[in-house]
Amino acid sequence: MRSNPLKYALIVFLAGASYGVMATTVKFAYREGFAWTQTAASQACFGVFIFAVVFIVRALMGAKGVALGPRRVLRLLGLGMTTCTTCLLYNFSLTMLPVSVAITLLFQFTWIGTVIQIVTTRRAPRPAELAAVAIILLGTFLASGVFEANLNPDLNPLGILCGLLSAISCAAFVYLSGRIETEMPSIQRGLIVCCGAAILALIACPDYFVSGALQAGIWKYGLILGFFGLFAPVILFGIGTPHLPAGISTIMASSELPAAILISVFVLQEPISALQGVGVVVIIAGVVVSQLPNLVKSARERSAAG
């Protein structure tokens with residue numbers, strides 16, 4: 001692993017935590033009657049808007065981009081479509097499954113990222129990584145409330161499939177974020193990535209601009225979703241994931257669920273059960289376990305330097 005892995009792990013941890021804002025924001029949007037396709041389109045379009053504004057401001061201040069050929073643009077558009085695929089599949093699964101089941105399926109991305117790492121590097125994961133994945137999955141089952149929910153034994157097979165596919169696309173996005181055009185300026189790169197997400201989102205919601213959703217106020221949720229669901233994570237994943245193995249990156253990104261639960265408690269005033277509280281602590285413990293080798297190494301280096 002490259003220098004200062006703890007710093008890059010923290011950056012990816014923050015990227016995952018930024019996704020935690022989305023659940024509460026989407027709940028507010030749904031309460032006002034907006035459809036799941038409209039919220040997904042809002043996230044993508046306002047992500048493009050935020051990146052475009054920052055890109056233009058930086059350009060006026062003298063910042064320069066890099067020349068882009070069709071191949072580089074297509075790779076970045078594909079990366080954007082990957083993250084939008086996760087959003088669409090997960091939101092669609094929520095229309096057929098209880099939230100606890102859907103989020104548990106999504107969080108299978110933690111071990112899927114480790115599988116991707118094994119396949120691509122042909123390196124067996126370290127014991128700390130395997131232990132972290134097991135702990136985080138246990139914490140996910142506890143924190144999601146799946147053990148406390150009244151679940152219908154006849155869960156929709158299509159919903160389950162979409163939930164699992166969202167986990168695969170999420171793990172793929174984290175992996176590809178560390179490998180596709182990472183040397184590009186982050187704002188220019190992010191703008192093209194978001195354009196890819198917007199293309200797919202508008203295919204899913206072709207009447208977005210004429211549906212009246214913008215006039216009805218979805219723009220305020222779009223700004224929040226665009227910033228926390230695309231702007232922040234695209235930049236942070238782009239910075240952090242090139243310096244971490246794919247398995248560690250997906251482990252650190254599991255910060256999304258604790259962040260989502262804590263935000264729902266403070267913003268929506270939703271109650272949190274003791275079991276969910278334990279789950280949040282367990283997930284954080286799993287993240288710490290994944291970084292134990294780096295923490296020990298850092299402590300030894302400080303000790304030697306002192």
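**View 1. Crossing of helix 7 and helix 9 in the predicted model**. The axes of helix 7 (residues 157–177) and helix 9 (residues 213–240) come within 8 Å and cross at roughly 55°, each axis being a line fitted to C-alpha atoms over the stretch in contact, with angles running from 0 to 180 degrees between N-to-C directions. Helix 7 is therefore oblique to helix 9, given that angles under 35 degrees count as roughly parallel, over 145 as roughly antiparallel, 65 to 115 as roughly perpendicular and the rest as oblique. Phe 173, Val 174 and Ser 177 of helix 7 meet Val 234, Phe 237 and Gly 238 of helix 9, where contact means heavy atoms within 4.5 Å. By class, this contact has 4 nonpolar, 2 polar and no charged residues (Ala, Val, Leu, Ile, Met, Phe, Trp, Tyr, Cys and Pro count as nonpolar, Asp, Glu, Lys and Arg as charged, and the others, Gly among them, as polar). Helices are DSSP runs of H or I with at least four residues, numbered from the N terminus. This is a predicted model, in which local features need pLDDT of at least 70 and side-chain atom pairs count only at pLDDT 80 or more, whereas totals for chains, interfaces and linings use all residues. Residues are numbered from 1 along each chain as its sequence is written, and side-chain values use heavy atoms, with hydrogens and water left out.

**View 2. The aromatic pair of Phe 173 and Phe 237**. The structure holds 10 aromatic pairs, rings of Phe, Tyr and Trp (its six-membered ring) being paired if their centres lie within 6.5 Å, with planes under 30 degrees apart counted as stacked, over 60 as edge-to-face and the rest as tilted. Phe 173 and Phe 237 are edge-to-face, at 5.9 Å centre to centre and 85° between the planes. Because Phe 173 lies in helix 7 and Phe 237 in helix 9, the pair ties together parts that are 64 residues apart in sequence. Phe 173, at 3% relative accessibility, is buried, and Phe 237 is buried at 0% (buried means under 20% relative accessible area, exposed over 50%, partly exposed in between, with a 1.4 Å probe and protein chains only).

**View 3. A cluster of phenylalanine rings**. Ring pairs link Phe 51, Phe 227, Phe 228 and Phe 231. Phe 227 is partly exposed, at 33% relative accessible area, and Phe 228 is partly exposed, at 29%.

View 4. Leaving aside residues up to four places away in sequence, Thr 110 touches Val 133, Ile 136, Leu 137, Thr 250 and Ser 254.

Terms used: Helix = DSSP H or I, 4+ residues; strand = E, 2+ residues; numbered from the N terminus.
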